[in-house]
Amino acid sequence: IKFSAYRTAMKLRRVQKALRLDLLSINSASDIFSQYKLQQSDQTIEVLEIIQCLTAMYDHLEHERGIIVNVPLSVDMCLNWLLNVYDTSRNGKIRALSFKTGIIALCNSEVEEKYQYLYKQVSSSTNLCDQRHLSLLLHEAIQIPRQLGEVAAFGGS
């Protein structure tokens, strides 16, 4: 594919379908995040917590959609993808914002709805966002094309 934006979109779509996140609604994802108290974006979560949250998410997906999901395989693949994107040094921890960004970016929702959700994660109660939090969100977002080998096309190096 000649143009990097289209190439990146195709790679993301392939990852989305492989992880079965194309079946997950943003509301379901948000409910799971709330259930696991992932409200503070600055908090870090360990691999075990990620596994528990992903397991609940895929179980919910199975019940909500009435389809059979290989939960252990899906959890393992999604965990591996999240760690490849956000924990390249394999410390066993990622930020809650990283986790949410990775899941929301690949869930089944309109792009504008995803932007609104992610902005709310870094904005204050008055719906304003300071430079530090916006920078953190943009840093998390650029990690996805970086992992796909397409970061140069999106302003990264």
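At what angle do helix 3 (residues 47–65) and helix 4 pack, and how far apart are their axes?

Analyst: The model is predicted, so local features need pLDDT of at least 70 and side-chain atom pairs count only at pLDDT 80 or more, whereas totals for chains, interfaces and linings use all residues. Residues are numbered from 1 along each chain as its sequence is written, and side-chain values use heavy atoms, with hydrogens and water left out.

Helix 3 and helix 4 pack at an angle of about 130°, and their axes lie 9 Å apart. Axes here are lines fitted to C-alpha atoms over the stretch in contact, with angles from 0 to 180 degrees between N-to-C directions; helices are DSSP runs of H or I with at least four residues, strands are E runs of at least two, and both are numbered from the N terminus. The two helices are therefore oblique to each other, a class left over once angles under 35 degrees (roughly parallel), over 145 (roughly antiparallel) and 65 to 115 (roughly perpendicular) are set aside. Helix 3 passes helix 4 in a right-handed crossing, meaning that the near helix is turned clockwise from the far one by less than a right angle.

On the helix 3 side, V47, I50, I51, L54, T55, Y58, D59 and E62 make the contact (heavy atoms within 4.5 Å), and they meet V71, S74, V75, C78, L79, L82 and L83 of helix 4. By class, this contact has 11 nonpolar, two polar and two charged residues; Ala, Val, Leu, Ile, Met, Phe, Trp, Tyr, Cys and Pro count as nonpolar, Asp, Glu, Lys and Arg as charged, and the others, Gly among them, as polar.

Helix 4 (71–86) also supplies at least two residues of the lining of the second largest pocket, as do strand 2 (93–95) and helix 7. Of the 13 lining residues, Y86, D87, I94, R95 and S98 lie nearest the centre of this pocket, and the lining comprises three nonpolar, six polar and four charged residues.
A pocket is an open set of points on a 1 Å grid over the protein atoms alone where a 1.4 Å probe fits, with protein on both sides within 12 Å along at least five of seven lines; lining residues have an atom within 4 Å of a point.

Helix 7 leads on to helix 5: these two pack at an angle of about 50°, with axes 10 Å apart, and are therefore oblique to each other. Their contact joins L97, S98, T101, G102 and A105 of helix 5 to L136, L137, E140, A141 and I144 of helix 7.
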